[in-house]
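Here's a short tour for anyone meeting this structure for the first time. Take a look at the model, then read on.

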Amino acid sequence: MIEDIEVESTIPRALVILAEGAEEAEAVIIVDILRRGGIDVVFAGLNGDGPVLCGRKMKLNPDIALSAVTGHFQAIVLPGGAEGARRLASSEAVGERLRHAVTDGLVVGAICAAPLALHAHQVFAGKSMTCHPSVASRIAQYGNLVQKPVVEDGQLVTSQGLGTAIMFGLTLVRRIMGDVRAADVERGLTLPR
């Protein structure tokens, strides 16, 4: 009799954590760009697998509850939004995942106000990072604030907000899948030149 053997997928995986009050457009753009890049995205709800009410009163449906997420990832990504970032920053489950990501060498992405979670969970202190202008003074006290749309420093990729979300997503695809895949995705987006 042949037994079923569970084989670990060779498709790179990214965990995107959705908290109530998140900036929904950022979350959707990030997941979209990563999936276009061939990355298996697990869209996890911070407080469960039910609909999440985001900052602009839209409801997004995560794939799974964060507490039920298993397996290995190449990246962890935190969408922004003031309230969403506050909830990510106050979640010990997020802190634990971020600390493991640092130890395991994963790419960590944070956009808009989400770098506040890095500060709250004491990861990437002193690294170069960017964020939404509304939280820049707080981030400048923790990291090396750089006023650019997307900033990379080792494992860490940060971005300023909704207007930079496509560039942020493409940077994550490049980091996970390589230059060729990122360029292919970018061509398909018909971005203005």
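This is a predicted model: local features need pLDDT of at least 70, side-chain atom pairs count only at pLDDT 80 or more; totals for chains, interfaces and linings use all residues.

Strand β7 (residues 107–111) runs parallel to β11, and four bridges join the two. Strand β10 (residues 150–153) is also joined to β11 by four bridges, but this pair runs antiparallel. Here's how the two pairings look side by side:

| Strand paired with β11 | Direction | Bridges | Residues facing each other |
|---|---|---|---|
| β7 (residues 107–111) | parallel | four | alanine 110 and threonine 158 |
| β10 (residues 150–153) | antiparallel | four | valine 150 and serine 159 |

β10 and β11 form a hairpin with two residues between the strands, and there glycine 154 takes a positive phi near 60°.

And where do the side chains of β11 go? Leu156 and Thr158 point one way, while Val157 and Ser159 point the other way. All of them are buried.

Now for a pair of helices. The axes of α1 (residues 24–36) and α6 (residues 165–177) come within 9 Å, crossing at roughly 35°. It's a right-handed crossing. On the α1 side, the contact is made by Ile29, Ile30, Ile33 and Leu34. On the α6 side, Ala165, Ile166, Phe168, Gly169, Leu170, Leu172 and Val173 take part.

How many residues of this contact are nonpolar, polar or charged? The contact of α1 with α6 has 10 nonpolar residues, one polar and no charged.

Note on methods:
Residues are numbered from 1 along each chain as its sequence is written. Side-chain values use heavy atoms; hydrogens and water are left out. Axes are lines fitted to C-alpha atoms, for helices over the stretch in contact, and angles run from 0 to 180 degrees between N-to-C directions. A crossing is left-handed if the near helix is turned anticlockwise from the far one by less than a right angle, and right-handed if clockwise. Contact means heavy atoms within 4.5 Å. Ala, Val, Leu, Ile, Met, Phe, Trp, Tyr, Cys and Pro count as nonpolar, Asp, Glu, Lys and Arg as charged, and the others, Gly among them, as polar. Buried means under 20% relative accessible area, exposed over 50%, partly exposed in between (1.4 Å probe, protein chains only). Two strands pair if DSSP finds at least two bridges between them.
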